[in-house]
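Please examine the sequence and the three-dimensional structure shown below. The paragraphs that follow consider a metal site and then the aromatic side chains.

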Amino acid sequence: MLQITLKNENFTKIDADVSVVLVIDKNLKHEWINHKSLKKWGFTSQSVFLDQGDCTLYIPIEKLDSDCLREAGALAVRTLANYTFKTAKIGFYGDDSQMSAFALGALLSEYSYTEFKSKTKEKSLQELFISTQTYLFKKHTTNQEWLKKVYILAESTNLARDLVNTPPQIATPKYLANKAKEIAQSNKIQCKILTKKDLKSEKMGAFLAVSRASSRSPKLIHLSFKPKQPKAKIVLVGKGLTYDSGGLSLKPADFMVTMKADKSGGCAVLGIMNAISRLGLEVEVHGIIGATENMIGGNAYKPDDVLISREGKSIEVRNTDAEGRLVLCDCLSYAQDLKPDVLIDFATLTGACVVGLGEYTSGIMGYDESLKIAFETSALDSGELVARLPFNRHIKKLIESKIADVSNVASSRYGGAISAGMFLGEFIRDEFKNKWLHIDIAGPAYVEKEWDINPFGASGAGVRAGVAFITDYIQNLDFANTKGKK
Ligand code: BES
Ligand code: ZN
Ligand code: ZN
C-alpha cells in the first residue's frame, strides 16, 4: 500500500519527484500554480494536466468538500500510475478532514487484485508527502490520529475486496471461516464456526435447504468483539453466498458471471469487524455470516418445497434464486437471540435494487425511519452512496403464500428490493423491529467499470458506511449521556 507521510514543513520545501496541486479556480493566484504553463497548455479545469517541465500534476476540483477531495486523491494516484515518479507531495487549503478524504481516496483507488496475473506492473509511486502546514492559513496541524484511521479504513475495505475478488473455487464457505479465524486471531475478537451439524440442531431449515446441493458444506461464522466497557451491542449479519448459480431456478449464463460477489455482505461484515476492533471502539459488535453456495444437483431444494425456518415460520419456495433471504432469515433469527441494541444486515440481495437505485447506490430498509436516516447520514459522510427505500403494507401482501406462512418471492415483478426486505422483516421479532436495518448492496458491491474511488472488481461496499454508522452511533450515545447528566 502507498505510504503516506505527514510533513510539518511548507509545501514548497518538501523534496519530491512530483507536486500535486488541486485547482478549484484556475485564476486563483498562489505560489503552487504555474499560470504561464497552465495558459500555454490550455488547462481547462476539466481534466487532469501534468506539467512535465515543472513536474506538477494539476487536478481540477469542483469544491473542497470531502466527496470531491476523495475523488481527487483517487484521480491523482490513478494518473501517476502511468508515470515513473517515486514520490509525490501535496499541500492543502484546509483542515485534517480534507487531508483525510484525499488520503483515503488515494489509498482506496490504488488497490488492484493481481493474485492470478503472471505479470504485474511494478508500482512506481511509493510515498506521498502531505504538508501539514496548510497553505492559506499557514496553520500547523499536529493531530496525526486521522491518518491511522484512514489506514485502518483502507485496509479493512481492501480486506473485504480481496475476499470478494477471490474466485469461488478457492473462496468457499470453509475458506471464509478460516479467514474469519485469522482476522479474529490478529485482533481481540472471538470466533465460533457453526457447521452443518450445528445448523441442524439450530433448526435452520431455510439456510440448510439452500446449501444442500453444494459439495461444500455451509458455515455460520460468528465473530464477537467484546471490549471491557461496551456502550452498546451491535449485531451485524452478512449474506455470504460464495457462489449463487441460482439453484434449480438457474441463472442465465450472462447473469451468473460475477456471482462470486454474492458473498459481499458477509465480507463487508468481516471488514467492519476488523476496523472496529483496530479502532478500539467501546462497543460490543458481533458479526454473523451465513456462508454457503447455491448450486444444482439431485438433492437440490426445489421450487414448491416448503421450508421451516429457525423462527418456526414456514416458507414456500417459488424461486431458488431468491436464496439470500432464506439464508439471512435464519441468521437474523440467531442474531436476535444475542439481544442487540441495533441489528443490521448487509446483502447483495436483489437485482431489483440495482434497477431501482442504479449501480452506485445501496438501499436502506427497515421499520424505523430515524434509524434509517441515521445510517443514511453516516454512510453519505463516509463517501458511500445510499438511499432509503420505504416499506408499505401493500407490498407486504405480495409475499403472502397460499400454502405456507410466507413466500420467498413476491407475486408482482415490481418492487423486488422492498419485497425482499419485507420478507426479512417477517423474521424480525416485534421487540427488534425498530432496531433492525437491511442494507441491499447489490448495486455497488461489484464494479465492472471503475468509478469514484473504486477500481475494477469488488468495492468493499458497506465497510466504510458500517464503520461510520457505528462510530457515530457511539458518539451520539455519549452526547445523549452528557446531556442527561447536566
Ligand atoms: N444474488 C442475487 C441478487 C443480485 C443480482 C446481486 C445482481 C447482485 C447483482 C439474488 O440472490 C437473486 O438472484 N435475486 C433474484 C430474486 C428474484 C428471484 C426474486 C433477483 O434479483 O433476480
Ligand atoms: Zn440468487
Ligand atoms: Zn444471491
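**Metal site and aromatic contacts**

At 3% relative accessibility, Asp244 counts as buried, a term that means under 20% relative accessible area, with exposed meaning over 50% and partly exposed lying in between (1.4 Å probe, protein chains only). The model is predicted, so local features need pLDDT of at least 70 and side-chain atom pairs count only at pLDDT 80 or more, whereas totals for chains, interfaces and linings use all residues. Residues are numbered from 1 along each chain as its sequence is written, chains are lettered from A and ligands numbered from 1 in the order in which they are written, and side-chain values use heavy atoms, with hydrogens and water left out.

Asp244 (OD) coordinates the zinc ion (ligand 2) together with Asp321 (O), Asp321 (OD) and Glu323 (OE), at 2.0 to 2.2 Å. Donors here are N, O and S atoms within 2.8 Å of the metal (3.2 Å for Na, K and Ca); water is not among the atoms, so sites may look incomplete. The angles among the six donor atoms of this zinc ion run from 71 to 166°, and the site is irregular. Six donors count as octahedral if opposite donors are over 155 degrees apart and all others between 65 and 115; four count as square planar on those criteria, or as tetrahedral if all angles lie between 85 and 135 degrees, and anything else is irregular. Asp244 also coordinates the zinc ion (ligand 3), which is 3.2 Å from the zinc ion (ligand 2). Asp244 lies in strand β9 (residues 233–244) and Asp321 in the loop between β12 (314–316) and α10 (324–336), 77 residues apart. Helices (H or I, at least four residues) and strands (E, at least two) are DSSP runs, numbered from the N terminus. Asp321 is partly exposed, with a relative accessible area of 22%.

Elsewhere, the whole structure holds 13 aromatic pairs, defined by centres within 6.5 Å for rings of Phe, Tyr and Trp (its six-membered ring), with planes under 30 degrees apart stacked, over 60 edge-to-face and the rest tilted. Tyr367 and Phe391 form an edge-to-face pair, 5.2 Å centre to centre with 70° between the planes. Tyr367 is partly exposed at 30% relative accessibility, whereas Phe391 is buried at 16%. The rings of Tyr446 and Phe456 have their centres 6.1 Å apart and their planes at 75°, so this pair is edge-to-face. Tyr446 is buried at 16% relative accessibility, while Phe456 is exposed at 53%.
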